[in-house]
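I opened my notebook to look up a few spots in this model. Here is what I wrote down as I went.

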Amino acid sequence: RAHLALDSALHESRRCNDEFGLQSVYASRVRLLVQEGRAKEACAIEPPDLEASLRSMKGEVLASRGLALASMGRLEEARALRAVALETTAGVEARVLGAAIDAVCAVNSLATGKMETVEWLVWTAFDAGAVDLVVTAYRGNPDLLVALLSSPIAREQAMYIVTRAGD
């Protein structure tokens, strides 16, 4: 149903020449595909033109794509998009998705300090009021969920997020 709703929103955005709508649909579709474990498909979608976009939307689009790339293991590309997204805006979506990219990259690369990175994701999401983006990240990256639930610092908040999402 979510894909059908996005198809409808895409159609209306094109009909109205609504660039913001096109960008929003793109970011939402990419995150939906990541949640479904279909990061490769998410990365195959051509990003919209961001030339005249609002900074916050540009950051959201870039960070959404960055999360898909991180989910595929394309860590350097993901980190590069994260950096551009956070240089572009301090918007909620870019901040939380940026922290999610960091966490997924840390977990996937078995980096030292990965638990601190995972804990930072939870703190950032609660601070920004965007815990749904953590759900997107762990649904597409089950190892992230393991790390979230393994953290003595983040476990209680992670359980809240998981329970709230019905997972």
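Before anything else, I noted what counts as a helix here: a DSSP run of H or I with at least four residues, numbered from the N terminus. I also reminded myself that this is a predicted model.

**Entry 1: Asp167**

I looked up where Asp167 sits, and found it in the segment after α10. Is Asp167 buried, exposed or partly exposed? Its relative accessibility is 46%, so I put it down as partly exposed.

Next I listed what Asp167 touches, skipping neighbours within four places in sequence: Val135, Tyr138, Arg139 and Val162. Asp167 and Arg139 are 28 residues apart in sequence, while their C-alpha atoms are 9.1 Å apart in space. Their side chains make a polar contact, at 2.9 Å.

**Entry 2: aromatic pairs**

I jotted down that a pair of aromatic rings is described by the distance of the centres and the angle of the planes. How many aromatic pairs does the count come to? I got two.

One of them is Trp120 with Trp123, 5.0 Å centre to centre and with 20 degrees between the planes, so I wrote "stacked", as planes under 30 degrees apart count that way. Where are these two? Both are in helix α7, residues 114-128, and being three residues apart there puts about one helical turn between them. I checked accessibility too: Trp120 is partly exposed at 48%, and Trp123 is partly exposed at 46%.

Then I went to Phe126 and Tyr160. Their ring centres are 5.8 Å apart and their planes are at 45 degrees, so I noted this pair as tilted. This pair links distant parts of the chain, with Phe126 in helix α7 and Tyr160 in helix α10 (residues 155-165), 34 residues apart. Phe126 has a relative accessible area of 30%, which makes it partly exposed. Tyr160 comes out as partly exposed as well, at 46% relative accessibility.

**Entry 3: Asn17**

Last stop was a backbone angle. I wrote down that most residues other than glycine have a negative phi. What is phi of Asn17 near? I found it near 55 degrees, a positive value in a residue that is not glycine. Asn17 is in the loop between α1 (2-15) and α2 (19-35).

Technical notes: Residues are numbered from 1 along each chain as its sequence is written. This is a predicted model: local features need pLDDT of at least 70, side-chain atom pairs count only at pLDDT 80 or more; totals for chains, interfaces and linings use all residues. Side-chain values use heavy atoms; hydrogens and water are left out. Rings of Phe, Tyr and Trp (its six-membered ring) pair if their centres lie within 6.5 Å; planes under 30 degrees apart count as stacked, over 60 as edge-to-face and the rest as tilted. Helices (H or I, at least four residues) and strands (E, at least two) are DSSP runs, numbered from the N terminus. Buried means under 20% relative accessible area, exposed over 50%, partly exposed in between (1.4 Å probe, protein chains only). Contact means heavy atoms within 4.5 Å. A polar contact is a pair of N or O atoms within 3.5 Å; within protein, one must be able to donate a hydrogen and the other to accept it, and residues adjacent in sequence count only if both atoms are side-chain atoms.
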